Amino acid sequence: MIELPIPDAVPPVLLVHPGPHGVAVYAREVAAEFARQRPDVRVTTPDALADLPAGTPLHAHVTDRLWGASPEEAGRTVVALAHRHPLTVTLHDVPQASDGERNRPRRQAFYRAVTASARAVAVNSAHERELLREEGVWDGPVAVVPLPVETVESSASVPHDDAVGVLGFFYPGKGHDEALAATVAAGMSRLTVLGRASDGHAADLDAFVRRADDAGVIVEVTGWLDEPEMIARARRVAVPVIAHRHVSASGSLASWIGWGRRPLAVRNRYVDEMVALRPGALRVVEPDALAEEVAAARVDARRTWHGLDPVPFGRVDAARAYLRWWAEIFR
């Protein structure tokens with residue numbers, strides 16, 4: 001591969017949020033990579049925006065849940081920011097049918113307002129670019145910068161705990177119900193929720209644990225763990241599963257792969273895109289074959305470890321892609 005040079009143009013100021021939200025964590029990680037490549041990169045936070053002179057180009061990672069208590073409040077905040085600064089955005093959690101009849105139109109309106117006010121728009125997958133068009137949000141130019149994967153040294157000989165594992169915040173549509181059904185059908189009795197309930201979904205998680213218990217499956221909920229603890233815990237599960245119904249771009253999938261695991265991923269447009277980007281890094285499963293694949297992976301652990309080092313497209317690649325994009329926009 002020919003390595004393109006880093007553009008000389010000064011990139012916009014990077015706006016990053018504090019806190020544990022996955023989009024906020026990702027924005028901070030990528031900002032740190034920008035700083036390693038370009039010492040002139042500046043980073044700011046929401047509480048410091050008032051000190052940034054009007055007209056200063058700015059880049060922000062956007063999902064309604066990070067910018068306000070409601071899509072309407074979040075929309076007002078982002079649009080006001082775009083009126084003060086030439087704003088480029090990376091959109092996350094793009095609206096789709098699984099948002100439900102009430103939230104889907106509200107989230108569509110939020111993303112329409114953001115894209116209409118932004119200088120330029122990026123997403124993390126071609127799947128999301130198509131969703132923007134299909135959902136009537138935006139049909140203009142969209143840059144695609146995939147979520148990067150950072151390879152962490154791993155070993156396929158790590159002992160497993162005979163559990164199916166689902167990684168990330170718990171919320172309806174994340175794939176826990178599908179994983180539970182496959183666990184039962186495969187004759188397994190343990191399922192690990194690697195994370196905690198997403199805000200507002202604690203009762204849903206409690207109900208899920210009760211349903212699993214009724215089906216004869218013990219659910220372990222790890223709660224929040226720091227990264228070394230989460231990596232160690234994720235390596236112990238027998239069968240990592242990705243079965244999202246609500247698919248935008250999956251940080252959970254990127255984490256599994258970065259930690260050496262080759263998750264069973266139920267086929268959809270995004271999964272197919274990731275297979276093309278990172279051949280061999282995940283095992284694609286048809287929806288009606290998940291239980292069969294879980295049973296096979298339980299007895300052959302080699303199915304769930306990919307052995308790639310490095311995994312294609314890491315943070316360096318993502319940072320370079322953004323720098324080239326901004327150089328075109330702000331030239």
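**Exercise 1. Determine which side chains meet E220 and R233 in a salt bridge, and how exposed each residue is.**

Step 1. The side chains of E220 and R233 form a salt bridge, at 2.6 Å from N to O; the term denotes a side-chain nitrogen of Lys or Arg within 4 Å of a carboxyl oxygen of Asp or Glu. The model is predicted: local features need pLDDT of at least 70, side-chain atom pairs count only at pLDDT 80 or more, and totals for chains, interfaces and linings use all residues. Residues are numbered from 1 along each chain as its sequence is written, and side-chain values use heavy atoms, with hydrogens and water left out.

Step 2. E220 belongs to strand β9 (residues 218-221) and R233 to helix α8 (residues 227-236), so that the pair links distant parts of the chain, 13 residues apart. Helices (H or I, at least four residues) and strands (E, at least two) are DSSP runs, numbered from the N terminus.

Step 3. E220 is partly exposed, with a relative accessible area of 30%, whereas R233 is buried at 6% relative accessibility. Buried means under 20% relative accessible area, exposed over 50%, and partly exposed in between (1.4 Å probe, protein chains only).

**Exercise 2. Locate the salt bridge of R106 with E72 and that of D162 with R298 in the chain.**

Step 1. The closest N and O atoms of R106 and E72 are 2.9 Å apart. R106 lies in helix α4 (residues 100-117) and E72 in helix α3 (residues 71-84), so this pair ties together parts that are 34 residues apart in sequence. R106 is partly exposed, at a relative accessible area of 21%, and E72 is also partly exposed, at 35% relative accessibility.

Step 2. D162 and R298 meet through their side chains in a salt bridge of 2.8 Å, N to O. D162 is in the loop between β6 (143-144) and β7 (164-167), and R298 is in helix α11 (residues 290-299), 136 residues apart. Both are partly exposed: D162 has a relative accessible area of 25% and R298 one of 28%.

Step 3. A search of the whole structure finds 22 salt bridges.

**Exercise 3. Classify the packing of helix α6 (residues 176-185) against helix α7 (residues 202-214).**

Step 1. The helices pack at an angle of about 10°, with their axes 11 Å apart. Axes are lines fitted to C-alpha atoms, for helices over the stretch in contact, and angles run from 0 to 180 degrees between N-to-C directions.

Step 2. That angle makes α6 roughly parallel to α7. Angles under 35 degrees count as roughly parallel, over 145 as roughly antiparallel, 65 to 115 as roughly perpendicular and the rest as oblique.

Step 3. H176, D177 and L180 of α6 make the contact (heavy atoms within 4.5 Å) with F208, R211 and A212 of α7.
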